[in-house]
Amino acid sequence: MNDDAANERARPVVLAVEELCKSYGELRAVDHVSFSVHNREVVGLLGPNGAGKTTTINMVLGVLAPSSGGIRIAGVDLARERSRALARTNFAAVYATLPGNLTVAQNLRIFGLIYGVRALGRRVETLLHEFDLEGLRNTKCGVLSSGEQTRVALAKAMLNEPQLLLLDEPTASLDPSAAQLARARIRELATRGDCGILWTSHNMYEVQEVCDRVLFLSRGRILLAGDPKSLPREHGAGTLEELFINLAREPLSEAPAR
Amino acid sequence: MRLKPIAGIVLRQFYLMRGSPVRVLPMFAWVAIDIIVWGFMTRYLNSVSSGGINFVASLLGAVLLWDFFTRIMQGVTVGFLEDVWSRNFLNLFATPLAISEYLTGLVATSIATSLIGLVVMLVLATTVFGLSFFALGVMLIPFLLVLFLFGIALGILASAMVLRLGPASEWMVWPLPALLSPFAGVFYPLTTLPAWMQAVAHLLPPSYVFQDMRAIVTGQPYQLQGLWWGLALAVLELLLCAQLFVRVHRYAVRTGLLARYTAESIG
């Protein structure tokens, strides 16, 4: 184990997922998935459509009950102490935009109250400044551009200074320039902040740029895990995208061992 | 239960109303129209009836109380539907917000909005049509309390229906008060109803309110025991409806209904 890996392991675990399963009748959407996210670490959850990424994220967010297995957020059992566990997390997803009939500042104030944020007025002002939203504070979220909505979603996700941040394709609807700025901001959060990030994306370039570690999910199982920069070479692929395609098309029985 | 998350739910509804006259108008417009229509109707009935019955007190008073109940129910339901319409479930339920805090927030909003409607109705009915509502005396308090509790219960039941059956089931929710009104004996004694309808009426808390209200305005003795029974029923039904909502929410979390709740995916 090198020094970087040792340091990473020494950081506290902010998300521990153990033997997580979700079945819909005969269909196993998530099948005995186990992984962890450490403080100041960005972990990419990759996989083709229908692999179980969003299902996994929904279970971590407490809006979908697992069939079996456990989730601990910053050491708190989600099943037993839902409110305490979710107070330590937050999320942004392209499919969960904030209510469009409220302004940016109103949405931040409301969710700040729901998350029980202290000194809320000051926190909202800080986030409006940090995410370059001061000029849009009184604009209704429904009329914002995709890039602006993503910034608002990220500001909302940082309201409670979460120990665990879940980002489900946060840059999916952004142009390359806006996506690059969003990535830099998120990377900065992980570096200087006190949180771990679980990130899903279909953009392998983005994953290589941002993630410290990736997990390849296919048909509900983790097929592969490791450093996105060295994984392709280790598995005989030229790029992460090539490795992704190989894995996505491979039958489960032939997939490489974790 | 924590106050901050409840305040968040109330603040959301306040912002929506403050920024939208079309949300504020229905709080008093429809009840005002109801009072005006029934006010003139009772005036006309008073002028053609020979029995000396005061229809203003019995009919207009009943309309006012029924509209109060309807506004309470709709206050809870509309608050919930605002989250359906803006696809806000994932944002809301992936937070530390407890179901009891969410429902309490909706109830607090409903109290504020229905009180506005009640004041408008009282002012109109008293000043324009001479309804002496306070002639009901101290009994007005338990009457309003029973209708308030049952309105909350029905609002939570309606919200549970929409959560379970999908956004399209919204059309089934609006006529719920109208569906109950024939059984509740809003305008006539329960003895007018056939036996099976009377049996249903006895399970509805408002039927005890309207029975006693008619007795008071016609100067007949009223049965306090019946009103107590109505109050107990309202509390019981409120608890049952809240429990039903919690169960539906659990079902939605277990089956994935909540995570993919949109108009397109269900209903």
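Biologist: Is E161(A) buried, exposed or partly exposed?
Modeller: In this predicted model, E161(A) has 15 other C-beta atoms within 10 Å. A residue counts as buried at 20 or more such atoms and as exposed at 12 or fewer. Because its count falls in between, E161(A) is partly exposed.

Biologist: Near what value is phi of E161(A)?
Modeller: E161(A) sits in the loop between α6 (146-157) and β7 (164-168) of chain A. The residue is not a glycine, yet its phi is positive. The angle is near 45 degrees.

Biologist: In which loop is the place of R87(B)?
Modeller: R87(B), also a residue other than glycine, has a positive phi near 50 degrees. With 18 other C-beta atoms within 10 Å, R87(B) is partly exposed. Its place is in the loop between α3 (55-85) and α4 (89-93) of chain B.

Biologist: How far apart do the C-alpha centres of domain 1 of chain A and domain 2 of chain A lie?
Modeller: The domain assignment of chain A gives domain 1 as 3-88 + 164-254 and domain 2 as 97-161. The C-alpha centres of these two domains of chain A lie apart by 25 Å.

Biologist: Which helix gives the largest share of the side of domain 1 of chain A that touches domain 2 of chain A?
Modeller: Eight residues of domain 1 of chain A are in contact with eight residues of domain 2 of chain A. On the domain 1 side, six are nonpolar, one is polar and one is charged. The largest share of that side, three residues, comes from helix α7 (residues 176-192) of chain A.

Technical notes. Residues numbered from 1 in each chain as written. Chains lettered and ligands numbered in written order. Predicted model: local features only at pLDDT ≥ 70, side-chain atom pairs only at ≥ 80, totals over all residues. Helix = DSSP H or I, 4+ residues; strand = E, 2+ residues; numbered from the N terminus. Domains from an automatic or database assignment. Contact = placed C-beta atoms within 7 Å. Nonpolar A, V, L, I, M, F, W, Y, C, P; charged D, E, K, R; others polar.
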